[in-house]
Amino acid sequence: MKKGLMRPGHVQLRVLDLEEAVLHYRDLMGLIETHRDSQGRVYFKAWTEVDKFSVVLREADKPGMDFMAFKVLNNEVLEQLESDLIAYGCEVVKIAEGELDGCGRRVRFSAPTGHDFELFAEKEQTGKWGVSNVNPEAWPRNLKGMKATRFDHCLLYGPNVKECNALFRDVLGFDLAEQVIDPEGNLVGAFITVGMKAHDVAFIESPEPNQFHHASFFLETWEDVLRAADLISMTDTSIDIGPTRHGLTHGKTIYFFDPSGNRNEVFCGGDYHYPDHEPVTWKAEDLGKAIFYHDRVLNERFLSVLT
């Protein structure tokens with residue numbers, strides 16, 4: 001937790017039909033709908049998360065990601081990081097407490113890839129859903145669908161991945177856990193983390209800024225991933241690829257799309273990272289095996305379908 005960042009906090013996604021999206025994220029993926037705000041946004045959490053929400057859906061004319069946020073240790077850390085971002089040259093926007101229901105004040109900045117990120121210190125905590133904090137049972141009995149356990153990370157496409165990695169490393173304290181290097185030695189893929197996970201956010205070099213590839217949710221076992229695949233077919237949900245294994249991070253995964261075309265991932269397993277670990281390196285010419293370890297070939301959708 002260098003520089004006081006703790007973990008991913010939330011992601012706000014744009015969807016074309018709100019009620020259709022609610023059915024997808026609530027009934028298929030198994031997130032819990034917690035409430036709706038005066039702006040019409042719908043809030044969700046996964047059952048193991050203690051904060052009030054981790055996913056927000058907003059109806060819009062175009063799908064994609066509005067922003068991703070990280071939670072910091074306290075307001076003193078938030079103020080210091082805000083100053084550090086300004087000193088680094090980032091344009092910072094201050095967002096008042098309560099603009100997102102149950103969330104304290106937020107600091108928003110744009111990364112060199114064109115994506116908006118937020119930092120916040122305070123959010124209402126409602127505890128794990130369906131289990132007590134004292135002598136908790138193993139899991140709630142009335143979970144739906146895939147039973148997603150937490151919002152885990154996002155993969156984002158845009159230019160200036162090297163500069164983006166430097167910002168997150170030097171100002172926010174992220175570590176580069178895994179990287180993709182092109183034949184000229186350029187950093188074209190950065191998988192970065194604030195803790196022990198394989199990644200909390202990842203960036204892939206692409207000419208168009210602010211492109212959303214996927215939001216990912218953690219499942220406990222490979223059997224859960226296979227069950228998710230069954231549910232995708234049972235509901236005629238649009239699938240990208242899987243179930244399969246990654247080379248990068250070694251997670252076991254399946255990709256599919258929400259009704260608006262935003263890509264989702266559910267996965268289990270994956271590598272861990274400590275601060276003294278050297279980054280794991282993948283060669284860009286072997287990216288097929290890095291992404292889809294079994295097929296060793298990237299499908300066209302994975303590279304081109306972005307929101």
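Predicted model: local features only at pLDDT ≥ 70, side-chain atom pairs only at ≥ 80, totals over all residues.
Strands β5 (64-72) and β13 (211-218) each contribute at least two residues to the lining of the second largest cavity.

**Cavities**

The structure contains 2 cavities of 30 Å³ or more. The volume of the second largest cavity is about 30 Å³. Its lining consists of Arg14, Gly64, Met65, His115, Asn210, Gln211, Phe212 and Thr307. Sorted by class, these lining residues are 2 nonpolar, 5 polar and 1 charged.

**Sheet**

An open sheet is built from 8 strands, in the order β2-β3-β4-β1-β5-β8-β7-β6. Its pairing is mixed. The edges are taken by β2 (32-36) and β6 (92-95); each has a single partner strand, so one side of each lacks a neighbour in the sheet. From one strand to the next, the twist averages 25°.

Within this order, β5 stands between β1 and β8; β5 (64-72) is also one of the strands that supply the lining of the second largest cavity. Strands β7 (residues 106-110) and β8 (residues 116-120) run antiparallel and are joined by 5 bridges.

**Loop between β2 and β3**

Gly40 lies in the loop that connects β2 to β3 (42-45). With a relative accessibility of 34%, Gly40 counts as partly exposed. Glu59 is 19 residues away from Gly40 along the chain, and the C-alpha atoms of the two are 8.0 Å apart.

**Cysteines**

A disulfide is a covalent bond between the sulfur atoms of two cysteines. Searching the whole structure gives 0 disulfides. For Cys90, the closest cysteine sulfur belongs to Cys164 and is 9.4 Å away, which is too far for a bond. Cys268 is likewise in no disulfide, and its nearest cysteine sulfur, in Cys154, lies at 19 Å. The cut-off for a disulfide is a sulfur pair within 2.5 Å.

Cys90 is buried, at 13% relative accessibility. Cys268 is also buried, with a relative accessible area of 2%.

| Residue | Relative accessible area | Class |
|---|---|---|
| Cys90 | 13% | buried |
| Cys268 | 2% | buried |
| Gly40 | 34% | partly exposed |

Technical notes
Residues numbered from 1 in each chain as written. Heavy atoms only, no water. Buried < 20%, exposed > 50% of the residue type's maximum accessible area, 1.4 Å probe, protein only. 1 Å grid on protein atoms, 1.4 Å probe; cavity = no way out; pocket = protein on both sides within 12 Å on 5 of 7 lines; lining within 4 Å. Points joined across faces, edges and corners; volume = space filled by probe spheres on them. Helix = DSSP H or I, 4+ residues; strand = E, 2+ residues; numbered from the N terminus. Nonpolar A, V, L, I, M, F, W, Y, C, P; charged D, E, K, R; others polar. Pairing = 2+ DSSP bridges. Axes fitted to C-alpha atoms, helices over the stretch in contact; angles between N-to-C directions.
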